[in-house]
Amino acid sequence: MHNITKLTDEELAKLSVSDTACFGELIDRYNPTLLRYVMRRSHATKEDAEDIVQNSFIKMYRNINDFDYDLKFSSWAYRITHNEMIDWYRKQNTRPQLFITDKDENIFDSIAGDMNIEKEAIQKETKKEIESIIKTLDPKYQEVVSLRFFEDKSYEEIADILEIPAGTVAIRLSRAKKILQDTLRAYS
Amino acid sequence: MSTHISQIILNKIDKEHIKPRAKWYFVMKHAALWIPGVLVTGIGAVAVAGELYAIAHSGWEFRDFVYSTQTDFVLAMMPIMWIISFVFFGSLIVKALRTTHAGYRFSVKTILLVSVATSIILGVFIYATDEIFEVNSVIRYPVQVREQQVWFSPNEGRLSGIIENKIESDLKILDKDNTLWTIDMSGFGSTTFPYVAEGKSIRIIGTSTGDADIDDHIFIACAVFPWDIGEFAHMSPASSTIMRNKDVRILNRMRNNNPDCKIVIDNIKQHVKDKVNK
């Protein structure tokens with residue numbers, strides 16, 4: 001009997017084929033993160049977000065033999081959830097939108113750091129400005145900004161989640177940052 | 001210890017008898033996703049082989065008799081169809097390979113570079129195989145069509161056919177429509193050509209003088225070549241001299257004393273030039 005809490009995500013994924021308890025452990029590990037991701041990226045109600053995440057876990061279980069061990073399990077889980085969320089949006093005939101909550105305060109510091117803006121310069125008003133600019137970004141820029149700054153994913157992880165080359169991630173992020181910088185400069 | 005959510009999901013999995021799909025299902029699925037990429041690269045390779053065949057069989061031997069300049073020759077012989085095919089299928093490869101399991105990880109540049117390199121290597125292999133084993137594959141088809149068009153234009157000074165018989169300085173040849181032509185070889189004097197023999201296929205540059213309305217098909221030969229491209233270089237004793245001097249080469253090849261031949265060939269060149277520039 002394994003002490004499943006000590007196993008890595010990838011080891012749990014391997015064992016999930018024959019042992020649903022291992023998959024249960026993966027659900028426990030990822031449910032809060034994925035739920036927060038869906039809530040941030042959607043105007044869905046909490047119930048809808050829970051449905052999206054639950055359906056994503058069912059898909060992960062059904063396709064667990066397709067998990068590529070070159071990837072991090074988290075990237076694969078985010079990918080499936082992201083696609084499930086996009087499907088949900090398609091059915092609703094709407095587009096994903098980034099929602100920033102009060103819990104995301106420290107993310108502004110991260111964005112400021114990345115854009116070489118002094119932390120002190122990120123005042124309350126500027127935060128509001130950043131938030132409004134992010135919301136006006138094209139969805140393809142929003143999704144990389146969301147994964148980079150709100151989910152703290154590396155370029156390679158974002159590439160694996162969105163299934164685009166890492167170079168494209170870098171280009172999109174750099175363009176998104178440029179839009180943010182230019183718009184902030186215009187504000188000031 | 002399982003949380004409420006994981007318990008709900010595990011119960012659903014259990015209740016609905018949801019099972020992980022078998023590994024072989026994904027192996028097959030990923031293999032199937034490679035099919036368009038493999039097909040596109042394969043067609044690209046055939047296009048490369050076709051280009052190589054067209055270049056090798058563009059008729060270097062007749063260049064000086066038909067084309068005024070190198071540019072006219074290159075423009076007329078460019079394997080446009082194969083080049084378009086190669087570019088078209090090359091542009092599809094990115095889309096085709098991006099759908100594969102890990103295709104998203106590669107940049108457009110990498111996919112194009114690897115695919116083009118693979119197509120070229122495979123193309124060279126297909127071309128070499130076709131040449132060695134004389135497969136007579138699809139890569140020869142456009143050249144064959146072009147050859148038919150170019151070398152069955154008696155009004156434009158080019159004719160081809162199989163030699164039926166040879167009587168003194170006249171040849172009787174059957175063209176592709178089974179029309180019997182009399183070829184006047186008198187301008188060549190006593191020169192003999194090893195490839196001018198009964199049953200052999202030849203190409204002739206010259207001028208048609210007969211009256212087609214009364215079934216009088218006469219063609220005065222100014223230059224005679226074997227049908228099989230490349231054969232001339234092996235069979236002509238003057239080939240080594242030919243390589244050194246363009247003018248000597250033309251004279252050696254023609255050895256035709258008919259003074260009208262220069263005019264005939266100049267007219268052909270002008271006609272082809274006008275056609276190419278059009």
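Modeller: Start with α2(A) and α4(A): their axes come within 11 Å and cross at roughly 45°. This is a predicted model, where local features need pLDDT of at least 70. Residues are numbered from 1 along each chain as written.

Colleague: How are α2(A) and α4(A) oriented to each other, parallel or oblique?

Modeller: That angle makes α2(A) oblique to α4(A). Under 35 degrees is roughly parallel, over 145 roughly antiparallel, 65 to 115 roughly perpendicular, and the rest oblique. Their crossing is right-handed, meaning the near helix is turned clockwise from the far one by less than a right angle.

Colleague: Which residues of α2(A) make the contact?

Modeller: Leu26(A), Tyr30(A), Thr33(A), Leu34(A), Tyr37(A) and Val38(A). Contact means heavy atoms within 4.5 Å. From α4(A), the partners include Phe73(A), Ala77(A) and Met85(A).

Colleague: How many residues of that α2(A)–α4(A) contact are charged?

Modeller: No charged ones; there are nine nonpolar and four polar. Asp, Glu, Lys and Arg count as charged; Ala, Val, Leu, Ile, Met, Phe, Trp, Tyr, Cys and Pro as nonpolar; the others, Gly among them, as polar.

Colleague: Now α3(A) against α4(A). What is the angle?

Modeller: About 125°, with the axes of α3(A) and α4(A) 9 Å apart. The contact between them has eight nonpolar, three polar and four charged residues.

Colleague: Switching to α1(A). Which residues are buried?

Modeller: Asp9(A), Leu12(A), Ala13(A) and Ser16(A). Buried means under 20% relative accessible area, with a 1.4 Å probe and protein chains only.

Definitions and conventions. Chains are lettered from A and ligands numbered from 1 in the order in which they are written. This is a predicted model: local features need pLDDT of at least 70, side-chain atom pairs count only at pLDDT 80 or more; totals for chains, interfaces and linings use all residues. Side-chain values use heavy atoms; hydrogens and water are left out. Axes are lines fitted to C-alpha atoms, for helices over the stretch in contact, and angles run from 0 to 180 degrees between N-to-C directions. Helices (H or I, at least four residues) and strands (E, at least two) are DSSP runs, numbered from the N terminus. Buried means under 20% relative accessible area, exposed over 50%, partly exposed in between (1.4 Å probe, protein chains only).
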